[in-house]
Amino acid sequence: MEFKRSTPGKLGISPKAVTAFLNAVNDKELGLHSFMLIRHGEVAAEGWWKPYSPDYVHMLFSLSKSFTSTAVGFACQEGLLSIDEKVVSFFKDELPANPCENMMNMTVRNLLTMGTGHSKEPNALNGEKWAYNFLTSYVDKTPGSIFTYNTPATYMLSRIVQKVTGEKVFDYLKPRLFDVLGIKNIWWEESPEGANTGGFGLNLHTEDIAKFGQFLLNKGNVDGKQILNSEWIGLATSKQISNGDPNEDSDWSQGYGFQFWRCKRDGVYRGDGAFGQYCIVMPKQDAVLAVTSGSNDIGQILNEAWTHLLPAMGEPTEDDGLDEMNDVIQSLSIPLPEGSKSVNIENAEYNLAVNPLGLKTLKVTRDQTSAKLTITYCQENAYQKNEEIPFGFGEWIENGEGFGHTFAACVQQEDGSIRFKFILADTPFIREVTLLQNGDFAEITLRQNVGFQPVDLYLIGKKAL
């Protein structure tokens, strides 16, 4: 699958609406990193907040779940699996002696709909035996009776697909979905059991997300060939279980399908990942919106799409405002740290006070063109040392690859402190370290834009001997 590039007006969208959407998400600091808007199978508009770019994959978090669901669909289509089979039937060799009755009655369908019967998500994804942890969890409600968001349930789907196909979900999907859509150079995390993590861990480019959305919009048809039956996609993306009051003004209470969320706008559904990773499908508008973000207000991203983009879709129109839209897209960027490019740093290494992140030392050095930070930290009872991160003086320096792929810049602030800012380019995470050197001591502040636990830490460091 390859997208043709067009203009919004030719595809029935006013460029002014796209500009309004971009201005709104910027003004409200919603933390977008990229967007692609597809209509009638063509790209109407696209942009990346520099230094993010089309070349980099992005962590999808729970948007991965929608791909695991699709793997289940292929397995069902090939007669390898039925969604009404009992979960325990696939794990006879791993089943505990006396699983609870509700666990014995749980089906693949219940896993798909987050209707396992758990009233609280089980703490299963730890240690070496994730499946066993899930199978030994207590299921207090009848399966199918309640919705509880449940990432371990999606992991169990990954394990089941691997059981019936003999392949990890990633490998199984490669010839059936990824290769067909032209999705390349991607990867998926694995569990200690050697299975893809299922509920998270897939890393794709923004255009890959858009291709997946178009595949869904076309009900499994790619370039005239039906690769997954439309009935499955219809089931997967329609409401299968209630997840709240549909009368609420919330995109998280409109019903849940097979690892897809229904939206509060008529007919719209989405795959959804933490911090604003979205594959939004709008069947009535024949449109797809792919978004990657590092946002603390992911609901507002959807609201801005409903306000500006959705109602702007109609018949082809003049491209009034196209130049302005393109100018805005070209200007999209993550702000550099503010301060002086003339950075005065004393080369030093500091031992850090005890802290919840397990950071042990921070070393700062500089040369004529950059400064470098090296942080030593304690992880799983072993000392690890980060790669040195080089920071440009008032400009981004690119370094490393994968999780170590960074864009980093530093400046000097009026109080004499050095502000280091670095983007983990394949993730939503942007981190800042502020260092104020004072003789044998240093004051150090660490912050991160988003996270499952807040990162806002103040430390005192003492020079190492």
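Predicted model: local features only at pLDDT ≥ 70, side-chain atom pairs only at ≥ 80, totals over all residues.
Local features need pLDDT of at least 70 and side-chain atom pairs count only at pLDDT 80 or more, while totals for chains, interfaces and linings use all residues. Residues are numbered from 1 along each chain as its sequence is written, and side-chain values use heavy atoms, with hydrogens and water left out.

**View 1. An open sheet of 3 strands.** Strands of a sheet pair through backbone hydrogen bonds, either parallel or antiparallel. Here the order is β4-β6-β5, and the pairing is antiparallel. Strands (E, at least two residues) and helices (H or I, at least four) are DSSP runs, numbered from the N terminus, and two strands pair if DSSP finds at least two bridges between them. β4 (58–59) and β5 (187–188) stand at the edges with a single partner strand each, so one side of each has no neighbour in the sheet. Look for the 2 bridges that join β4 to β6 (residues 202–204); in β6, L204 is the bridge partner of H58.

**View 2. R5 and E46 form a salt bridge.** Side chains of opposite charge can pair when their charged atoms come close. A salt bridge is counted when a side-chain nitrogen of Lys or Arg is within 4 Å of a carboxyl oxygen of Asp or Glu, and by this rule the model has 18 salt bridges. In this pair, the closest N and O atoms are 2.9 Å apart. R5 belongs to strand β1 (residues 4–5) and E46 to strand β3 (residues 42–48), so the pair ties together parts that are 41 residues apart in sequence. R5 is partly exposed at 43% relative accessibility, and E46 is partly exposed at 21%. (Buried means under 20% relative accessible area, exposed over 50%, and partly exposed in between, with a 1.4 Å probe and protein chains only.)

**View 3. E78 meets R176 in a salt bridge.** The N to O distance is 2.7 Å. E78 sits in the loop between α2 (64–77) and α3 (101–105), and R176 in helix α7 (residues 169–181), so parts that are 98 residues apart in sequence are tied together. E78 is partly exposed at 35%, as is R176 at 22%.

**View 4. R159 and E94 meet in a salt bridge.** Their N to O distance is 2.6 Å. R159 lies in helix α6 (residues 151–165) and E94 in the loop between α2 and α3, so the pair ties together parts that are 65 residues apart in sequence. Are these two residues buried or exposed? Both R159 and E94 are buried. Salt bridges that share partners join D93, E94, R159, K163 and E193 into one network.
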